[in-house]
Amino acid sequence: MTAAAPTVESREGTRAWRRWIQRHGWTVGIWLLLFVLVAWYSTLIPRFGGFQTSTIITGGTAWIFLGIAQAVVVIAGGLDLGVGGMLVLTSVTAAQFMDGQPLGVIVVMAICITIAAAVINGFVGWIITVSKVPDIVITLGSLYIYQGLALMVLPKVGGGTSGSFRWIFTGSENGIGSNPWPAIVVIIIPVIVVAWWMGRTRSGLSLYAVGSDKTAAFLSGVRDGRTKIVAFAVAGVFGALAGFSSVSISGVGNPTTDGGTLTLNAVAAIVIGGVALTGGIGSVIAVVPAAMILFFFNPILSALGVDPNRAQVIQGILIVLVMMIAGVLEWRRQRRS
Amino acid sequence: MPDRPTATLSTEGIAKSYGPVVALRSVDLAVEPGEIHALLGANGAGKSTFVKILAGVIRQDAGAAAINGHPVNFKLPSDAAHAGIATVFQDPALIPDLSLDQNLTISGLHRSDVEPWLERLHLSGFDFGLLARDVPLATLRLIDLARALALDPKLLMLDEITAALTPDQADLVFDVMREWKGMNRSVLFISHRLGEVLSICDVATILRNGRDVANFSLDGVDETELVKAMLGEALATGAPVSDPKSAELVSSVSESSDVVLRADDLHFRGKVNGISFDLRRGEVLGLTALEGQGQDELFSLLSGDHKPTTGEIILNGVAMSAKSPYDAIRRGMVFVPADRQEALFPQRSVRENLAIPLYNRFIRWFGLQRDEGRRVDEAIRRLDIDTRAASEVQRLSGGNRQKVTIGRWLIEDFEVLLCFDPTRGIDIQTKAQIYDLLREVAANGAAVLIYSSELREIPLVCDRVLVMYDGAIVHEQPAATATEEALLTAAHGLEAAS
């Protein structure tokens, strides 16, 4: 007698393929949905070319980065309400100190701001680990703190950054142009790095381990406190990237930006992207199109001529609908297995 | 400092308390190289706590441990691993949402490290892309074992490794242990199955009430002697393993008793293939099978967790169409799952866990009636639940937790009690108590269906036994005449000799 061990014999290819679809079906579906929406949008507006593509991708960059920041923390079983505040704080810090500096200095500053964001947010993760106070409470605090610090750094809209720095995130020295490629590269590189880290390395997989089963993770030698700190630090990095993107588009820092709304958008994005709010499940690869779709709702609804007030209601309904479809699919999957 | 420099592991005066509950008073133990050392003890003797301390999961309050004479003090599981102790816990320490490959990466291993060991466990060609959650429990335990071996530890600790395994899988594990021993490595082996302890282990240390009370070579020792050592002389004479008093209670249920539960040609997703049986009032019906023969699915149908593809479950003459366990429970069909974690609310008190079924009625959301409170107390008393840690069920020992899962159904009336491997990983004394309880339940007019993977407990508690193989019932006989050999033969799908 051998055990009921699932050994792979014949039809290996089919099974591997079916499993791949089962596991990554949602990611593929969200990417397809994004492309369908783009195709549809292109028929709604009179002209669809480099400028329109660039506007959408550039505008979505910050949403994508915030989505990834949130995804990293949520996959590790946490929640960071502060990510939106981190965008505001890093963007005004950048605007305040980069204004009028040569590119070399600006790049060094960007690196310093990113490191500082990682350290500060990692410290928030450390507080959560040590105090055992739920994430939602501590990070509500960090959201307010970041928002307040932003006003201390830059009391009112102002500052700026150099044209070449803006080009990195927008493909144009004045934040709006028709070259989408720099923004695409700026999105793809960090996404690939973080996806590789989370899926292949011991430290990255620890995020999934802690989010999935804390006890089993602990017994496997994963240190959950350290893992949470790392997750929050990575979220800080992506918060800073989102901040740079934001300041590159507008060309100024705006300390009155509402970080709370940005945070909630990021939560919506990861949920649409198939990240389980209970932790342990999800992929940053799916968060990219999900954040884009969320960002994309507005241009589509305005192209359709929907009144902006109504547009918000429709946006809310659409999010709920997408999630219901996800729920039905998940339910069917569980019934099958 | 422990004074056995040659020993792979030596401990001295290890002690641990959880608040007022003393789990370990003082444990001295030495495991020599090339030795398979049994750690035995009744429930709550402190075995699990001892293992957790040596695995770095919890820290001792007092006492010292040394590996090869070097003192060690573990703060984390990774410290224990670095020092050369690898542990296979009762619950597999694999991350459910990660693939097996990724689980190995977490432990700093690659599949090529575990493959040689998996081959010996007859799991060659294993698909490492599977998520751990989709792998059967028995297979997970073997993978966990292979992972522990691949870490190349000096000491391997196995906590009830055979509990979820089929007899043939257990034999493979024993072969691996012998090979390990031949490499001059050591094993600390914890099991309630004394037969396997005697066949595989060299030396035993007995824990009782948090102390090591005996340490002896197992040459020429028999099961009764082990039981005596574990229970202490006084208790052992009262409840010997081979003859619990429940055996006297086994009644022969006449053919004329009413059928309470009738399964009529049940089918379910190719796992249950045409199962029919009758369960009569006052009867304890046993069911046994090797791992993965459809018994899990059969119980999920009966308990209302899933609906059969075809076939009917008839309770008191009326077909049951349960949409959820709630419907089954309302009809009087209650279920005690094997996984006690699944059934309990670990952070709530014993009383709350027992009273849960009462909250089915909305009116009781505002508080229990007085007689119900009394019934809860009565259940605690009757089950002999250790209430020292009653404020949180998660602090109870495994046996006491199982008593709580059974006890909650005693609060309200029911028709059929479904038990899935209720004595898995539980000590003999508690087992005997559970047998008595099941007999008592049947004597009071309910019917009991019990699945057990431990063949020898079937004649102790059942009236009649069914054997399942490949989703069908292949064998039926009165439990009194059911020998282990006959059941095992049938369970392998072979023609029974009798």
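Student: Which residue in S15(B) does Ile314(B) stand opposite?

Tutor: Ile314(B) stands opposite Ala319(B) in S15(B). Please note that this is a predicted model, in which local features need pLDDT of at least 70 and side-chain atom pairs count only at pLDDT 80 or more, while totals for chains, interfaces and linings use all residues. Residues are numbered from 1 along each chain as its sequence is written, and chains are lettered from A and ligands numbered from 1 in the order in which they are written.

Student: What is a strand here, and how many helices and strands does chain B have?

Tutor: Helices (H or I, at least four residues) and strands (E, at least two) are DSSP runs, numbered from the N terminus. Chain B has 19 helices and 20 strands.

Student: In what order do the four strands of the open sheet stand?

Tutor: In general, strands of a sheet pair through backbone hydrogen bonds, either parallel or antiparallel. Two strands count as paired if DSSP finds at least two bridges between them. In chain B the order is S12-S11-S14-S15, and the pairing is antiparallel. Strands S12 (272–280) and S15 (318–319) of chain B stand at the edges with a single partner strand each, so one side of each is left without a neighbour in the sheet.

Student: How many bridges join the strands?

Tutor: Seven bridges pair S11 (residues 259–268) of chain B with S12(B); in this pair, Phe268(B) has Val272(B) as its bridge partner. Five bridges pair S11(B) with S14(B), where the partner of Ala263(B) is Ile313(B). Two bridges join S14(B) to S15(B).

Student: Which helix packs on the sheet?

Tutor: Contact between two residues is judged from their C-beta atoms, placed from the backbone, which must lie within 7 Å. Helix H11 (residues 295–302) of chain B packs on the sheet, touching S11, S12 and strand S14 (310–315) of chain B. The direction of H11 makes about 60 degrees with that of S12(B); axes are lines fitted to C-alpha atoms, for helices over the stretch in contact, and angles run from 0 to 180 degrees between N-to-C directions.

Student: Which residue takes a positive phi in the hairpin of S14(B) and S15(B)?

Tutor: Most residues other than glycine have a negative phi. In this hairpin, which has two residues between the strands, Asn316(B) takes a positive phi near 50 degrees. Asn68(B) also has a positive phi, of about 50 degrees, and its place is in the loop between strand S4 (62–67) and strand S5 (70–72) of chain B. Asn184(B) has a positive phi of about 65 degrees and lies in the loop between H6 and strand S8 (186–190) of chain B.

Student: Is Asn184(B) buried or exposed?

Tutor: A residue is buried if 20 or more other C-beta atoms, placed from the backbone, lie within 10 Å of its own, exposed if 12 or fewer, and partly exposed in between. Asn184(B) has 12 such neighbours inside 10 Å and therefore counts as exposed. Asn68(B), with 17 other C-beta atoms within 10 Å, is partly exposed. Buried residues make up 50% of the 498 residues in chain B.
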